[in-house]
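Visitor: Hi! Could you walk me through this structure? I'm new to this.
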Amino acid sequence: MNAQKQAHAWLLLLPALTLLVAFTHYPAIATLIDSFMSTPKPYRASVFVGIDNYAAMVDDPIFWQALRNNLWFALATIPLSVGLALAMALWVNGKIAGRGFLRMAYFTPTVLPMIAVANIWLFFYTPSYGLLEQIGNLFGLPSQNWLGDKATALGAITAVAIWKEAGFFMIFYLAALQGINPSLREAAAIEGASRWFFFRRVLWPLLMPTTIFVLVNAVINAFRMVDHVVVMTRGGPDNATTLLLYHLYEVGFKFWDQGYAAAVTVVLLAALATVALVQFFVLDRKAHY
Amino acid sequence: MADAIALRQANPAGQWLDTLAAWGLAILWILPLAYAVWTAFHPAEFSAKFSLTAPLTLENFARAWEAAPFARYFLNTTLLVSLILGSQLLLCTLAAYAFVRYEFRGKNVVFALVLVQLMIMPDVLLVENYKTMSRLGLIDTLFGIGLPYFASAFAIFLLRQTFKGIPKELVEAATMEGASTLQILWRVYVPLAKPVYVAFALVSVSYHWNNFLWPLVVTNSVNSRPLTVGLQVFASADQGIDWSIITAATLLTAAPLLLAFLLFQRQFVQSFMRAGIK
């Protein structure tokens, strides 16, 4: 009987588990192995090359550029989108004029395909007749090629990501705020606490688990988001907007360099695994006091 | 803030500033969409010129529709999204049920293995998954786009949490009546988890309707391209296409989700909330 029950459990799990292994665990391990192998060629099979792919990666300026870009991208998108999300949630959780419209306006970017909105943003940034240019003209500002200039391209890409993400994160803060006992606010009011004091000493600690959940998602997204790069800049100008996943896509599917692509994937996986471990061991403990 | 009035800093100026900032941000957030609507519904010469007297037109949509096989792309995306959602609901329900109803050896290890996918989504492993797809002969098929997503760790996690909260008494009562294990799943667990299914469905549909990189890699013909990839191919095809047509095509791509969102805003927001909290 017990053996039969065990068999039942495994039968129920089998379809999902097979697919998870086939498309998550197996490729992760295969990638690690491939990263020590050469790229197979029509006339030569893949052979073990040790750390050659990694050595090539260390010598590849584009890889370092992508890594640097990605770190800047993460450093800008994470705090800004999370901060804006919190502000948005605090606003639309209350009795503000036009609350329904505000909620809709903030959340709309989340349901739009990144690829579609990237097209629209592309126009905003277009020199000589784009929207930013027209606004700039009103104030007599000089013409600016936002996506074509190395100094501003990454910033322009980052702005789109923040715009896309803030409303999504707002939802989680909104959910958390609505779960907070209203009597806390009444008590604070009776005590004569200021709004800022109430936020800092009551709301912020209570929102901590949400903040951590949102942060983890923001970090993962910072390493996964590339749709807009494909549409708006293709990594250019001069690799100024190449992010790790985009570099991986180019190495894997434009240059068809499998071994090298595997090494880049391992770096990306290591970044994601670090996020997972930090969340698991450090942040989780701090979130529940 | 709701009861800010009750707090000491209930000065009208602060309130007023809050409202102003909130509206400023909202306008900034809605601007790209508003701009797209403007351009798509006006003749090309008004694509960067804002005049109240500009004539309205549907011409851009008609031209976009003719310029690329959007009907096919719509069909592909709809099939793809349904295929993925259907498989996810079925496979993940079974898996979540196994985790809740049975004690078996290695249960915790297996569950931990499931959770790995929350961090490492199939789209990061695209080179290796592409190789698997080409071995299976699934390149350039809708099935090939969907397959890596059929088992969702997120759905398993979400359903497991929900199933765990279902009172044991109900299950015992059903057992007394002679219901089999699968009957209990179908008659007790699934109906009680309905709100969670709806929430997950909305999140999954909007994710896969909008997904781009993996479909881009796997597809290479009109037969299997979803809307997002179709739109990208269309917008970068040649320089002869003007902005009005591109924005019209962009709106076409986003329209079904956008309309659904505008009609069922509350449900959408609550779905994302529900999916996030648990």
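Guide: Happy to! Along its sequence, chain B reads α-α-α-α-α-α-α-α-α-α-α-α-α-α. This is a predicted model, where local features need pLDDT of at least 70, side-chain atom pairs count only at pLDDT 80 or more, and totals for chains, interfaces and linings use all residues. Residues are numbered from 1 along each chain as written, chains are lettered from A and ligands numbered from 1 in written order, and side-chain values use heavy atoms, without hydrogens and water.

Visitor: How many helices and strands are in chain B?
Guide: Chain B has 14 helices and zero strands. Helices (H or I, at least four residues) and strands (E, at least two) are DSSP runs, numbered from the N terminus.

Visitor: What share of chain B is buried?
Guide: Buried residues are 56% of the 278 in chain B. Buried means under 20% relative accessible area, exposed over 50%, and partly exposed in between (1.4 Å probe, protein chains only).

Visitor: Which residues of α7(B) are buried?
Guide: They are B:A153, B:A155, B:I156, B:L158, B:L159, B:R160, B:T162 and B:F163. An α-helix has 3.6 residues a turn, so residues three or four places apart point the same way.

Visitor: New topic: what box do the C-alpha atoms of chain B fill?
Guide: The box is roughly 75 × 65 × 35 Å, taken along the principal axes.

Visitor: And what about charges: how many positive and negative side chains does chain B have?
Guide: Chain B has 18 positive and 14 negative side chains, and the centres of the two sets are 10 Å apart. Lys and Arg count as positive and Asp and Glu as negative, while His and the chain ends are not counted. Each charge is placed at NZ of Lys, CZ of Arg, CG of Asp or CD of Glu.
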